[in-house]
Amino acid sequence: MKKRIILTSIILALLTTSCVKHSCEFGQPAKIVFLKEPYKAQCWINKKYYKINAHVFMDSQGSYTFKITGPVPKEFQTGDTINARLLLKEVPYQEYILAYVYVPGPDDDPNGAEVFYDLYCIEKE
C-alpha cells in the first residue's frame, strides 16, 4: 500500500511540474520555424545526436540559428515563420564559462552545434 501511495505521489508531482506554463514576460523577440521534417544533429561537446524540431532566429544574435530539440506547442507547428517572444534553455546544460570557441573536428557532424535548446516558454507576438 505504501508503494502505491509513493508511486501515485511521484506521478502526480511529475504531471504537475511538466504542465506548468512559464511566463514569457522577459522573453526575447524572435522568429520560430517548425520543421515538418525534423533531422538529427550531433552535439560536439558530448557527441550525442539530438532530434531538431524547429529553428529560432533572434535579431540580437545576427544570423545564428538556435536549434530546438524539445517539443513545440501545436499552435507553432505551422511550417511558417512565426513572430514570438520566448526563453530558451540549453541542452545539454553546461555550467561553464566559455573561454574558447569550439572548432568541430573532421569526425564531427557539420550540421551539429556546441549546444541545442529547449523552449522554456513561448508566446505569439
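Predicted model: local features only at pLDDT ≥ 70, side-chain atom pairs only at ≥ 80, totals over all residues.

Reader: How many helices and strands does the chain have, and in what pattern do they follow?

Author: The chain has one helix and five strands. Read along the sequence, the pattern is α-β-β-β-β-β.

Reader: How much confidence does the predictor place in the chain, and which elements have the lowest and the highest mean pLDDT?

Author: The mean pLDDT of the chain is 81, and 74% of its residues reach 70 or more. Among the elements, helix α1 (residues 2-18) has the lowest mean, 48, whereas strand β2 (residues 49-57) has the highest, 95.

Reader: Where does K47 lie, and what is particular about its phi?

Author: K47 lies in the loop between β1 and β2, a hairpin with six residues between the strands. Phi of K47 is near 65°, a positive value in a residue other than glycine.

Reader: Why is K47 called partly exposed?

Author: The term covers values between the limits of 20% for buried and 50% for exposed. The relative accessible area of K47 is 40%, so K47 is partly exposed.

Reader: Which other strands pair, and over how many bridges?

Author: β2 pairs with strand β3 (residues 65-68) in the antiparallel sense over four bridges, with A54 opposite I68 in β3. Six bridges join β1 to β4, also antiparallel, and there P29 has R85 as its bridge partner in β4. β4 and β5 are joined by eight bridges and run antiparallel; L87 has C121 as its partner in β5.

Reader: What joins V91 and P92, and where does P92 lie?

Author: A cis peptide bond joins V91 and P92, with omega about -10°. P92 lies in the loop between β4 (81-91) and β5.

Reader: With which residues is T65 in contact, leaving aside its neighbours within four places in sequence?

Author: T65, a residue of strand β3, is in contact with H55, V56 and F57 on that basis. T65 and A54 are 11 residues apart in sequence and 9.7 Å apart in space, C-alpha to C-alpha. With a relative accessible area of 23%, T65 is partly exposed, since the limit for buried is under 20%.

Reader: How many aromatic pairs are there, and why is the pair of Y64 and F66 called edge-to-face?

Author: The count comes to three aromatic pairs. The ring centres of Y64 and F66 are 4.9 Å apart and their planes stand at 85°, so the pair is edge-to-face. The limits are 6.5 Å between centres for a pair and over 60 degrees between planes for edge-to-face. Y64 is partly exposed, at 38% relative accessible area, whereas F66 is buried, at 8%.

Reader: What kind of pair do F66 and Y117 form, and what parts does it tie together?

Author: F66 and Y117 also form an edge-to-face pair, at 5.1 Å centre to centre and 70° between the planes. F66 lies in strand β3 and Y117 in strand β5 (residues 116-124), so the pair ties together parts that are 51 residues apart in sequence. Both residues are buried. Ring pairs link Y64, F66 and Y117 into a cluster.

Reader: How do you know that K124 lies over the face of F76?

Author: K124 is placed at 5.8 Å from the ring centre of F76.

Reader: What share of contacts between residues at least 6 apart in sequence joins residues at least 24 apart?

Author: The share is 70%.

Key
Residues numbered from 1 in each chain as written. Heavy atoms only, no water. pLDDT = per-residue confidence, 0-100. Helix = DSSP H or I, 4+ residues; strand = E, 2+ residues; numbered from the N terminus. Contact = heavy atoms within 4.5 Å. Pairing = 2+ DSSP bridges. Phe/Tyr/Trp six-rings, centres within 6.5 Å; stacked < 30°, edge-to-face > 60°. Buried < 20%, exposed > 50% of the residue type's maximum accessible area, 1.4 Å probe, protein only. Lys NZ or Arg CZ within 6 Å of the ring centre and 35° of its normal.
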